[in-house]
Amino acid sequence: MLAFFFLLLLLVPIALVAVIVKLTSFGPVVYWSDRVGRNNKIFRMPKFRTMRADTPAVATHLLSNPNQFLTPVGPFLRKTSLDELPQLWSILKGDMSFVGPRPALFNQYDLIALRTQFGVDKALPGLTGWAQINGRDELPIPEKVRLDVEYVLYQSFFLDLKIIFLTFLKVIRRDGVAH
């Protein structure tokens, strides 16, 4: 219900971002990314497109020069996390939650294997998470998984509220965004 409320509340900004993406680059407005969800089930997660349509389907940090693939508004959308707004749809569908480990790309085999080894794959992935507020894009995979495990072990309503609050602070400060 909360996701539906936010979709209604953010309808105008979502429409505005969609128009800006369409006017500033070739290709679809929304990029559907194959992600790994609960129990390692693949689901399609939407994001506003911040990279050119011909960008390889790998994690941004694996590209030799990620900046060459960014659209004109891509850096702004990523730094403000506005590219994440369509994920409210994934929350409505039940593929994601507001808080949980960020869903891995289908081809991040090292991350998926470590999460599976430590039981993180049993958690519903989130729009934000403990690892997100403790480093975001800058974390090496073993550290990200350590934080994911910590979240799963101590998950509670109050920890989720803390993570949501700290996420807003991180977004406002634009902390931890590498690309």
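Predicted model: local features only at pLDDT ≥ 70, side-chain atom pairs only at ≥ 80, totals over all residues.
**Reading strands, a buried residue and a helix pair**

Q: Which residues in α5 and α7 meet?
A: Look for heavy atoms within 4.5 Å. From α5 you will find D110, L111, L114 and R115, and they meet I141, P142, K144, V145 and D148 in α7. Sorted by class, the contact of α5 with α7 has five nonpolar and four charged residues, with no polar ones.

Q: Now the strands: in which sense do β1 and β2 pair, and over how many bridges?
A: Follow the bridges from strand to strand. Strand β1 (residues 30-36) pairs with strand β2 (residues 42-48) in the antiparallel sense, over seven bridges. As a landmark, Y31 stands opposite K47 in β2. Five residues lie between the strands of this hairpin, and N39 takes a positive phi near 60° there.

Q: What else pairs with β1?
A: Strand β4 (residues 104-105) does, again in the antiparallel sense, over two bridges. Here R35 stands opposite L105 in β4.

Q: Is Q87 buried or exposed?
A: Check the relative accessible area, where buried means under 20%. Q87 has 0%, so Q87 is buried. This residue lies in helix α4 (residues 87-93).

Q: Which residues is Q87 in contact with?
A: Set aside the neighbours within four places in sequence, and Q87 is in contact with M45, P46, K47, M96, R102 and L127.

Conventions:
Residues numbered from 1 in each chain as written. Heavy atoms only, no water. Pairing = 2+ DSSP bridges. Helix = DSSP H or I, 4+ residues; strand = E, 2+ residues; numbered from the N terminus. Buried < 20%, exposed > 50% of the residue type's maximum accessible area, 1.4 Å probe, protein only. Nonpolar A, V, L, I, M, F, W, Y, C, P; charged D, E, K, R; others polar.
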